[in-house]
Amino acid sequence: MIDDFEDHCWKDIVSPDILEIYSSYKRNTFVGPAPALLAIDLYELVYRGGPNPPHQISRDYPSTCGQYAYEAIEPTKRLFAAARAAHLPIFYSTGDVRSTSRPALVSATKRVKPSIDAADYAIRSEFKPQPGDVVITKQRASAFYGTPLAAHLTQLGVQSLIICGESTSGCVRASAVDAYSHGYHVVVVEECCFDRSVLSHKVNLFDLHHKYCDVMRLEEVLAHLVGHPAVKKAS
Amino acid sequence: MSEPIWNEFLTERDKAVFAASGYGARGGFGKRPALLIIDVNWAFCGDRPEPILESIKRWRNSCGEDAWKALPYIRSLIDKCHEKGVPVLYTTGVRREDNWDAGSWGWKNSRNEEDRRTVVTNLDGNEIVTRIAPAPQDIVVLKQKPSGFFGTNMASYLTLLGCDSLIVTGTTTSGCVRATVLDAFSLNYRIALAEEGCFDRSQASHAINLCDMNAKYADVVKTSEILAYLDTLPAAMFDLPKGTATAPQGQTQKRAVHF
């Protein structure tokens, strides 16, 4: 029997045996104090080829998440709207496109021939950064690795993160685990994360939810954000 | 403010440059500080107060008498922080018995191999000195490199505590204190150095490193002013460790010497 804690997208692939093993992780989930929104890698490259099954377009668009990227657009717009209404600090990450900033073999994943076209790494127009937002450029999977993100969060007095974006199994997971290791309370918003592989998406959310973060449904997060006291900027 | 202790080491041009460049402005205290005590262990203090040239015969890293002069100031800050429920974090070293993980430390000191031997029976050089030994609710961060942040959970603890600033004491001013202050600065913590609570084996390095840090990264402040600031804070702001009866991590139970 599935209870609320396990009532998520992975329930059709995780067996009762596995749920039994993980039963001691069951707990209340919540948006922590002084949160910020962290949107991982919502750049154009993952929307290339349109809202199609990734396997049909991946030959031409190897980085695309296809239909899964498009399915997440509306929920993610709602998340951004709620975060802005609550005056949360908003952070994005995207790829570093400066051609001279790294040796040839340094990239976020082991994908063959990563693109470094600046247009590919522009934030998708639906989530266009607004004045005051912060865009972190990174070279590796985690938004914390080799970046000043932790310093910015300290200065703002942020103690919790709400994470969305892609890919669930790659940069979202890496960033969420680093956030946990840095001592932040982390929420990952289920409908606002996506991956090119549905299986990887589900298993990684399962892992994150039990060990490092609270995976919460969008409606729960929105309910928390209504009337949430905004983080005050450090004076 | 009285004449800074570093002025006697500066040239007239240096003083004019600092005055004209805007450096050395007061950064100010934060609202949620933690007290940080860097490496005030037997290895850096020696097991008794004696002149440094005497002390370093046995304890190669000792700062001699200056360490012992700093202890009452550090003690007063610890007592005030305990009274107010302000977090107290210590750093000290940790090393394999065979000293293999000394790594780069071995490249610049000809006496590094001495760390494999015990100077005083039953006394671990990495143990925090008795006079300021950690209380059960205090946090001891074990490290292997100069900065208290490098390869440690320090930043994670400060995030969990919700700290926005650090009060820093300890040793050496030019080594681990400076490295830790620099990393804390890079992480956007406000930093106050308790002047009388910092010490170094080199008088010139102590003065000039305080000068550098005061110019660029931190406020060098008298301990009395920090105590007065701590008095203004509300009590019990922090969710501190509960502590247990056993010694905090890094503190052995053995105590050969007591003062």
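This is a predicted model: local features need pLDDT of at least 70, side-chain atom pairs count only at pLDDT 80 or more; totals for chains, interfaces and linings use all residues.
Residues are numbered from 1 along each chain as written, with chains lettered from A in the order of writing. Local features require pLDDT of at least 70 and side-chain atom pairs pLDDT 80 or more, and side-chain values rest on heavy atoms, without hydrogens and water.

Over all chains, 12 aromatic pairs were found; rings of Phe, Tyr and Trp (its six-membered ring) pair if their centres lie within 6.5 Å, with planes under 30 degrees apart counted as stacked, over 60 as edge-to-face and the rest as tilted. The pair of W10(A) and F206(A) is edge-to-face because the ring centres are 5.9 Å apart and the planes stand at 80°. W10(A) lies in the segment before α1 (16-21) of chain A and F206(A) in helix α7 (residues 198-211), so the pair ties together parts 196 residues apart in sequence. Helices are DSSP runs (H or I, at least four residues), as are strands (E, at least two), numbered from the N terminus. W10(A) has 0% relative accessibility and is buried, and F206(A), at 5%, is also buried; buried means under 20% relative accessible area, exposed over 50%, and partly exposed in between (1.4 Å probe, protein chains only). Ring pairs join W10(A), Y22(A), Y25(A) and F206(A) in a cluster.

Y47(A) and Y70(A) form an edge-to-face pair, with 5.6 Å between centres and 85° between planes. Y47(A) is buried at 2%, whereas Y70(A) is partly exposed at 23%. The charged end of R124(A) sits over the ring of Y47(A), 4.6 Å from its centre; this requires NZ of Lys or CZ of Arg within 6 Å of the ring centre and within 35 degrees of the ring normal. In chain B, R32(B) lies over the face of F238(B), 4.3 Å from the ring centre.
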